[in-house]
Amino acid sequence: MKPSANIILTLGYYDFKKEYINENFNVEHLFSLDDEQVGQAIDGQIILSISKISEFKSDVVIIAMEFSPIIGSINKLLFKLGYTKEQIVLLFDLPKLVGDETALSTLDNFSYQVSESGEIICKIGDIKVLIFNYEGLFIINEIFGLNCYDISVPDGHYTVVDIGMNVGTASLFFASKDYVDKIYAFEPFPTTYERALENFGLNDLPFKITPHLYGLGSENKIVNIPYNGNFKGQMSTTRDNSAFLGETIEYTEKAEIRDVSEVFLNIISQEPNQKFLFKIDCEGGEYEIIQRLAHTGLLSKIRIIIMEWHVIEGQNLSDLESTLQQNGFIHYCIGSRKQEVGTLLAVNKLNF
């Protein structure tokens with residue numbers, strides 16, 4: 001006997017999936033968040049307002065709509081009505097993403113889950129990451145769909161220095177790799193840092209990640225930065241976030257920055273026999289970090305750098321390339337040099 005199901009839908013997505021839904025579930029009632037859809041008839045059923053869902057209990061609730069942060073709110077409502085996460089079926093598709101030809105929807109080991117709190121968990125193999133908006137999916141797609149950090153490294157073992165930890169997705173990726181023994185991860189924004197800790201808590205990986213609530217730069221300082229949690233991966237401690245965010249500024253966060261040379265010297269003292277891989281994605285802060293490491297002679301201690309570069313006022317990719325070349329690195333720029341942002345892979349030929 002097919003389980004009875006209530007469906008929360010958008011019309012376009014239901015029309016796309018209805019053959020599957022009707023084949024597998026005994027559809028009892030249709031609900032919509034859109035008042036303009038309420039009262040319309042589909043397959044002989046009248047669409048009801050989602051506010052009416054408490055009046056009709058079913059075995060499962062199917063969410064048949066495009067991915068949206070509001071799905072977490074819907075799940076929490078369903079929890080209050082007595083549903084468990086096992087009774088919630090998600091039927092949304094991934095959005096169109098940059099590089100969609102290898103997007104997550106093509107990965108065999110990719111799936112969605114509902115967390116105990118009603119949030120959406122993206123599961124890639126054994127790794128779990130909470131997703132709150134399209135940006136989170138975009139970052140997951142970059143790392144696991146487009147494999148931006150998936151490189152073959154010789155003669156491990158490596159310690160990874162993750163500058164720009166964000167919500168911890170890259171740190172989790174590196175923690176899953178056998179050649180990585182330890183990850184030192186750095187994130188200056190407290191709200192973003194807390195999300196990373198949530199993600200680390202979801203995963204049962206060997207203990208490798210040591211997170212730090214501060215960023216790295218050319219000096220020790222405290223800065224007050226305009227912040228918006230919907231753009232966690234684009235928040236910068238070096239550029240004017242207010243110009244980027246416009247009227248979408250939520251509030252200002254106090255962020256601590258520490259001298260990268262002092263922090264790296266401390267890591268070296270703790271890991272004296274390790275090879276170091278630096279992952280740098282800090283929205284324009286890469287220039288002062290690379291220059292500071294070069295000035296202090298510590299750039300030579302790094303074997304591999306995977307870096308997202310950005311064009312900022314007065315500096316561009318050529319400045320980074322010049323510093324790296326002067327310090328013994330060979331490098332490869334992934335993507336077009338004419339863009340405002342790209343990825344650079346650099347290997348220290350003097351450190352092999």
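Modeller: A charge counts as sitting over a ring if NZ of Lys or CZ of Arg is within 6 Å of the ring centre and within 35 degrees of the ring normal. Arg258 meets this with Tyr214, lying over the face of the ring at 3.8 Å from its centre. This is a predicted model, in which local features need pLDDT of at least 70 and side-chain atom pairs count only at pLDDT 80 or more, while totals for chains, interfaces and linings use all residues. Residues are numbered from 1 along each chain as its sequence is written, and side-chain values use heavy atoms, with hydrogens and water left out.

Now the sheet. Strands (E, at least two residues) and helices (H or I, at least four) are DSSP runs numbered from the N terminus, and two strands pair if DSSP finds at least two bridges between them. Three strands form an open sheet in the order β13-β15-β14, and the pairing is mixed. Because β13 (215–217) and β14 (221–227) stand at the edges with a single partner strand each, one side of each has no neighbour in the sheet. On average, neighbouring strands here are turned by 45° against each other, direction ignored; axes are lines fitted to C-alpha atoms, for helices over the stretch in contact, and angles run from 0 to 180 degrees between N-to-C directions. β13 and β15 (residues 251–259) run parallel and are joined by three bridges. In this pairing, Leu216 stands opposite Arg258 of β15. Helix α5 (residues 190–202) packs on the sheet and touches β14 and β15, where contact means heavy atoms within 4.5 Å. The direction of α5 makes about 80° with that of β15.

Next, the rings. Eleven aromatic pairs turn up in a search of the whole structure. Rings of Phe, Tyr and Trp (its six-membered ring) pair if their centres lie within 6.5 Å; planes under 30 degrees apart count as stacked, over 60 as edge-to-face and the rest as tilted. Phe186 and Tyr214 make a tilted pair, with 5.5 Å centre to centre and 50° between the planes. This pair links distant parts of the chain, 28 residues apart: Phe186 is in strand β11 (residues 180–186), and Tyr214 is in the loop between β12 (209–212) and β13. Phe186 and Tyr214 are both buried, meaning under 20% relative accessible area with a 1.4 Å probe and protein chains only; over 50% is exposed and in between is partly exposed.
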